[in-house]
Amino acid sequence: MPLPPPTPRQRALAQWRGWDWTAEEKARQPSAKSAGGVLPRVLTGLDLERRRAEMEIIKFWSLRMDPNVTAHARPTGLRRGTLFVSVDSNVWLDEIVRYRRKKILEMLQDGFGRTLVAKISFRCG
């Protein structure tokens with residue numbers, strides 16, 4: 001709701017005092033924005049699509065992967081097409097990287113596409 005314009009008395013006093021009412025009026029204008037105008041920017045900042053994709057990959061990982069692999073490795077994040085997987089020991093890291101990496105990547109790409117999961121990075125920890 002805009003403020004009423006200054007009265008002639010207020011304008012005369014402001015002129016005499018050297019006061020500029022336009023800045024005051026602008027400062028008192030309501031700065032509220034509609035939820036419809038703010039919501040798309042907020043949702044974009046939350047990056048819900050990426051988070052949903054990560055959850056789908058974790059679900060896929062636990063249901064479709066070899067139980068021996070899921071017992072020792074778990075996905076920890078997805079950034080710019082790279083799936084980061086944490087492995088609990090160096091022995092399993094070596095096993096997965098040498099013998100199972102290609103099959104795991106093919107399964108993930110068949111399920112989610114090559115753009116979402118372009119490569120996998122395994123790390124011990």
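I start with Arg100 and Glu95, whose side chains meet in a salt bridge, 3.1 Å from N to O (a Lys or Arg side-chain nitrogen within 4 Å of an Asp or Glu carboxyl oxygen). Before going on: this is a predicted model, where local features need pLDDT of at least 70 and side-chain atom pairs pLDDT 80 or more, while totals for chains, interfaces and linings use all residues. Residues are numbered from 1 along each chain as its sequence is written, and side-chain values use heavy atoms, without hydrogens or water.

Back to Arg100. Which other residue does Arg100 form a salt bridge with? The partner is Asp66, and the closest N and O atoms are 2.6 Å apart. This pair links distant parts of the chain, with Arg100 in helix H6 and Asp66 in the loop between H4 and helix H5 (67-72), 34 residues apart. Helices (H or I, at least four residues) and strands (E, at least two) are DSSP runs numbered from the N terminus.

How open are these residues? Arg100 is partly exposed at 22% relative accessibility; buried means under 20% relative accessible area, exposed over 50%, and partly exposed in between, with a 1.4 Å probe and protein chains only. Asp66 is also partly exposed, at 32%, and Glu95 is partly exposed with a relative accessible area of 25%. Through shared partners, the salt bridges join Asp66, Glu95 and Arg100 into one network.

The structure holds four salt bridges in total. One of them is formed by Glu49 and Arg52, whose closest N and O atoms are 3.3 Å apart. This one is local: Glu49 and Arg52 are three residues apart in helix H4, so about one helical turn separates them. Glu49 counts as exposed at 54% relative accessibility, whereas Arg52 is partly exposed at 46%.

How many aromatic pairs are counted? The count is one; rings of Phe, Tyr and Trp (its six-membered ring) pair if their centres lie within 6.5 Å, with planes under 30 degrees apart called stacked, over 60 edge-to-face and the rest tilted. Phe60 and Phe112 make up this edge-to-face pair, with 5.3 Å from centre to centre and 75 degrees between the planes. Phe60 sits in helix H4 (residues 48-64) and Phe112 in helix H6 (residues 90-112), so the pair ties together parts that are 52 residues apart in sequence. Phe60 is buried, with a relative accessible area of 13%. Phe112, at 22%, is partly exposed.

Now the sheet. It is an open sheet of three strands in the order E1-E2-E3, with mixed pairing. Its edge strands are E1 and strand E3 (119-124), each of which pairs on one side only. Two strands pair if DSSP finds at least two bridges between them.

Take the two pairings in turn. Strand E1 (residues 73-79) and strand E2 (residues 82-87) run antiparallel and are joined by six bridges. Within that pairing, Gly77 has Phe84 in E2 as its bridge partner. The hairpin of E1 and E2 has two residues between the strands, and there Arg80 takes a positive phi near 50 degrees. E2 also pairs with E3, in the parallel sense, over six bridges. Here Thr82 has Lys119 in E3 as its bridge partner.

Two helices remain to be described. Is helix H1 largely in the open or largely buried? One of the ten residues of H1 (residues 8-17) is buried, so this helix lies largely in the open. After H1 comes Gly18, with a positive phi near 80 degrees.

The other is helix H3 (residues 35-46), which supplies the largest share of a nonpolar surface patch, four residues. The patch is formed by Leu39, Val42, Leu43, Leu46 and Leu48, and together they have about 410 Å² of accessible area. Patches take residues with over 30% relative accessible area and no salt bridge, joining like charges within 9 Å and nonpolar side chains (Val, Leu, Ile, Met, Phe, Trp, Tyr) within 5 Å. Areas come from the Shrake-Rupley method with a 1.4 Å probe, and for residues only the protein chains shown count as cover. Leu39, one of the patch residues, is found in H3 and is partly exposed, with a relative accessible area of 47%.
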